[in-house]
Amino acid sequence: MQIAVSGGKGGTGKSTIAINLAIALRNYFDLTLADLDVEAPNDHILLGIELQNEEPVELFIPRFDYSKCIRCRKCVEVCEEHAIIAMKDGTPFLMPTLCSSCGACQIVCPVEGAILEGKKLMGHTYLTETPYGFPLVTGKLLEGEERAMPVVVAAKKRAKALNKELLIVDTAAGTSNTVSKALEDSQLIIAVTEPTPLGLHDLELILKLADIMGIKAWVVINRSDLGKKEDVKELARRYNARIIAEIPYSENILKTYIEGKPIVLSDCEEAEIFRKLAEEVANYLR
């Protein structure tokens, strides 16, 4: 089974919800938590752990053997990303940042060995045991790289390979193709929002995406006392999304966030919100 913690807007508290939910759900399921916000992963920071067991994410990138190249320009013509250009004499030249690693250039090349298989490092995945009884799989995109999808795919594959009862996915903000890839195979999306105009706008985007993908969505309103939560409730009704929790602005949550100590393990009043959320999720999945 898989559930996803997502939300159109950044900074709404997705990761806080994800790690506390994972800790609470460990009482119900043998689970894995996957941080697929590969451009800015921070679940490990909130859990107070160092990333371990690094594995590279590498993709194909063409290398030209100019001693064999006949300057036919076929690799240039087939490259949909326009990552390969030709000099005046037909000599191919690669712009690595544009290459999508499709391999089409190598397929159409008429001379064997003229295009060799090189490797491009895109980022890394990590498998870290947490002190809370479940593993954390993290994807981290290499600084300066623009294509996050390969790292998201690799991290999700590594998380699934653990074959736990439940996979909890913490996605990036927005509704990009990397977010939709992270959401794939989910039985439930927990959309985290805040009662602000921008929070409302981006919540609608994630609810539309959930509807398109045919995935049931619940809504958590974070910092619920700082805006018009009635507007959030109206939007949720429009998309048949249940408001499953309302979390008020809390200095206790802020303090535990800074200290890297999940609030669900504390005696604070706010901890009960996460425990009830976990119970609701467990009942739904069962």
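Trainee: What should I know before I start?
Mentor: It's a predicted model, where local features need pLDDT of at least 70, side-chain atom pairs count only at pLDDT 80 or more, and totals for chains, interfaces and linings use all residues. Residues are numbered from 1 along each chain as its sequence is written, and side-chain values use heavy atoms, with hydrogens and water left out.

Trainee: OK, how many cavities of 30 Å³ or more are there?
Mentor: The count is 3. A cavity is a set of points, on a 1 Å grid over the protein atoms alone, where a 1.4 Å probe fits but cannot get out. Points are joined across faces, edges and corners, and a volume is the space filled by probe spheres set on them.

Trainee: How much space lies in the largest cavity?
Mentor: About 100 Å³. It has 15 lining residues, and Cys69, Cys72, Cys75, Cys109 and Ile115 are the closest to its centre. Lining residues have an atom within 4 Å of a point.

Trainee: And what volume does the second largest cavity have?
Mentor: About 90 Å³. It's lined by 13 residues, with Cys79, Ile84, Cys99, Cys102 and Cys105 nearest its centre.

Trainee: Switching to rings, how many aromatic pairs are there?
Mentor: A search of the whole structure gives 2. In one of them, phenylalanine 64 and tyrosine 66 are tilted, 6.0 Å centre to centre with 35 degrees between the planes. Rings of Phe, Tyr and Trp (its six-membered ring) pair if their centres lie within 6.5 Å; planes under 30 degrees apart are stacked, over 60 edge-to-face, and the rest tilted.

Trainee: Is phenylalanine 64 buried or exposed?
Mentor: Buried, at 16% relative accessible area, while tyrosine 66 is partly exposed at 36%. Buried means under 20%, exposed over 50%, and partly exposed in between (1.4 Å probe, protein chains only).

Terms used: On a 1 Å grid over the protein atoms alone, a cavity is a set of points where a 1.4 Å probe fits but cannot get out, and a pocket is an open set with protein on both sides within 12 Å along at least five of seven lines; lining residues have an atom within 4 Å of a point.
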